[in-house]
Amino acid sequence: MQTIPTHTSLVAVGDSFTEGMSDRLPDGTYRGWADLLAGRMAAAAPGFRYANLAVRGKLIQQIVDEQVETAAAMRADVVTLVGGLNDTLRPKCDMVRVRDLLTEAVERLAPHCEQLVLMRSPGRQGPVLERFRPRMEALFACVDELAERHGALVVDLYGAPALGDPRLWDVDRLHLTAEGHRRVAEAVWQTLGYPPEDPEWHLPPEATLPPRWAARRVADARFARQHLLPWIGRRLTGRSSGDGLPPKRPELLPYEIG
């Protein structure tokens, strides 16, 4: 008989992926895999507490400077750390520096939680992934090494066929849909030792007919206008989508199941 874990607190550290973009709620806020995971963990542990320090657009240096110390001080049972991917998508990226900063984050967090969870982030199939694949895989190799050294768990989202499927990505092509976030929550849930609710989370959705050529061109034009050009503009001016935004859940407080 499988023993169900008894984690009583969760702190999530990271960028837009952990903040929950693009799993948008009716009020315009984002939910995402970390909130979904917290809800399931709270159902299994009365009095469960949850904090989410993630802010969209953050680079690994900002995560280390603004979130890591706060998360370590909370001494939660479980801490999730996902960072560095935004760095790999920049035109110029010092992977040695990214590796050093990720190492610093893990070394500061691991001694102050019961279980640290790292991830190999998902990658959407397409030309963008191919362009940045070497950097991403260098980042994930570092994640694997740090996990082995510090006893962290690794959730392999990069190797899950479902999370490479474009249908599980939002129109901005950078963030997962609600269904994508649900699958990530399931992956982390199982990695922590909880009984599976969806054993096939990693399998892609059933095959559907691809959109017609004209529809793809319209989608490409909309993507460029609404997402790609603003993203390039922020890169050129040194701005971030998260500038001035606070963490979504800055304190480790009881989590009410909605």
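Trainee: What percentage of the 258 residues of the protein count as buried?
Mentor: This is a predicted model in which residues are numbered from 1 along each chain as its sequence is written, local features need pLDDT of at least 70, side-chain atom pairs count only at pLDDT 80 or more, and totals for chains, interfaces and linings use all residues. Side-chain values use heavy atoms, with hydrogens and water left out. Buried means under 20% relative accessible area, exposed over 50% and partly exposed in between, computed with a 1.4 Å probe and protein chains only. Of the 258 residues, the share that counts as buried is 48%.

Trainee: In what order do the elements of the protein run from the N terminus on?
Mentor: Helices (H or I, at least four residues) and strands (E, at least two) are DSSP runs, numbered from the N terminus. The protein has eight helices and six strands. From the N terminus on, their order is β-α-α-β-α-β-α-α-β-α-β-α-α-β.

Trainee: How do α3 and α5 pack, roughly parallel or roughly antiparallel?
Mentor: Axes are lines fitted to C-alpha atoms, for helices over the stretch in contact, and angles run from 0 to 180 degrees between N-to-C directions; under 35 degrees counts as roughly parallel, over 145 as roughly antiparallel, 65 to 115 as roughly perpendicular and the rest as oblique. Helix α3 (residues 60-74) packs on helix α5 (residues 95-109) with axes 10 Å apart and an angle of about 5°. That angle makes the pair roughly parallel.

Trainee: How many residues of the contact of α3 with α5 are charged?
Mentor: Contact means heavy atoms within 4.5 Å, and the residues that meet include Val64, Val68 and Glu69 in α3 and Arg97, Leu101 and Arg108 in α5. Ala, Val, Leu, Ile, Met, Phe, Trp, Tyr, Cys and Pro count as nonpolar, Asp, Glu, Lys and Arg as charged, and the others, Gly among them, as polar. On that division the contact of α3 with α5 has 10 nonpolar residues and one polar residue, while the number charged is four.

Trainee: Which element gives the largest share of the lining of the largest cavity?
Mentor: On a 1 Å grid over the protein atoms alone, a cavity is a set of points where a 1.4 Å probe fits but cannot get out, and lining residues have an atom within 4 Å of a point; points are joined across faces, edges and corners, and a volume is the space filled by probe spheres set on them. There is one cavity of 30 Å³ or more, and the largest cavity has a volume of about 60 Å³. Its lining divides into eight nonpolar, two polar and no charged residues. The largest share of that lining, three residues, comes from α6.

Trainee: Is Tyr158 buried or exposed?
Mentor: Tyr158 lies in the loop between β5 and α7, and its C-alpha atom is separated by 5.4 Å from that of Arg120, 38 residues apart along the chain. Leaving aside neighbours within four places in sequence, the contacts of Tyr158 include Arg120, Leu129, Met136 and Phe140. Because its relative accessibility is 16%, Tyr158 counts as buried.

Trainee: With which residues is Asp165 in contact, leaving aside its neighbours within four places in sequence?
Mentor: Asp165 is placed in the loop between β5 (153-156) and α7 (178-191). Its relative accessibility is 10%, so Asp165 counts as buried. Neighbours within four places aside, the residues in contact with Asp165 are Gln125, Pro204 and Pro205.

Methods: On a 1 Å grid over the protein atoms alone, a cavity is a set of points where a 1.4 Å probe fits but cannot get out, and a pocket is an open set with protein on both sides within 12 Å along at least five of seven lines; lining residues have an atom within 4 Å of a point.
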